[in-house]
Amino acid sequence: MDLTPYVDHLRRELAVAADASGDEARALAERLSAPLESAARLTLLNVLSAAMSDVTRELAPGSVDVRLRGLDPEFVVTPPPAPEPAGEEREAVAAPVAAPPAAEADDGTMVRINLRLPAHLKGRAESAAAAEGLSVNAWLVRAVSVALDGGGRASAPGRGKDSGGRGFTGWVR
């Protein structure tokens, strides 16, 4: 989404207001145009992010994310998963990730956290998200959900069950 027309409109409105007050006000308006452009873009981005948060609440479990590409925002829509097939079809289709239990369903409240990943992990996360057609945010939310719901936890080292009972499972650093 190109914000330039909106920012240009604000500049024109500022110039019209300054013209009514004379040369000194016009010069001041010209000096304020550049800093106001940054503030206007940030304000518009905040408004769009808040609106997409509302849309995401209505679309749950799907989502709409706002990404900044250069100076302009772009929307990434992650549709809700397709309904699960019934009966015999369910056995033929393996779901890659289970949905969170109904008792812990999202109440619509969204929170923001900062996550700092090493560059090599960030690249791998982006690749994995792209391979599944998800935004990185949606992919991370799903990964955290699976890990917390038990789908991603490894058993204690040395207690895994393999064919001969001789192997180890767990995390290693």
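The expected span of a helix is 1.5 Å times one less than its number of residues. Keep that rule for the third stop of this tour of a predicted model.

**Stop 1: the helix pair.** Select helix α1, residues 4–19, and helix α2, residues 23–59. Their axes lie 9 Å apart, and the helices pack at an angle of about 150 degrees. Since angles over 145 degrees count as roughly antiparallel, α1 is roughly antiparallel to α2. The crossing of the two helices is right-handed.

Now show side chains. On α1, the contact is made by Thr4, Tyr6, Val7, Leu10, Arg11, Leu14, Ala18 and Asp19. Coloured by class, the contact of α1 with α2 divides into 11 nonpolar, 2 polar and 5 charged residues.

Stop 2: Move to strand β1, residues 63–69, and strand β2, residues 72–78. The two strands pair in the antiparallel sense over 7 bridges. Select Ser63 and look across to Thr78 in β2, which stands opposite. Then select Arg69, whose bridge partner in β2 is Asp72. There are 2 residues between the strands of this hairpin, and Gly70 in the turn has a positive phi of about 65 degrees.

**Stop 3: helix α4.** Select residues 119–131 and apply the opening rule. Finish on Gly133, which follows α4 and has a positive phi, near 70 degrees.

Technical notes. Residues numbered from 1 in each chain as written. Predicted model: local features only at pLDDT ≥ 70, side-chain atom pairs only at ≥ 80, totals over all residues. Heavy atoms only, no water. Pairing = 2+ DSSP bridges. Helix = DSSP H or I, 4+ residues; strand = E, 2+ residues; numbered from the N terminus. Axes fitted to C-alpha atoms, helices over the stretch in contact; angles between N-to-C directions. Parallel < 35°, antiparallel > 145°, perpendicular 65-115°, else oblique. Left-handed = near helix turned anticlockwise from the far one by under 90°. Contact = heavy atoms within 4.5 Å. Nonpolar A, V, L, I, M, F, W, Y, C, P; charged D, E, K, R; others polar.
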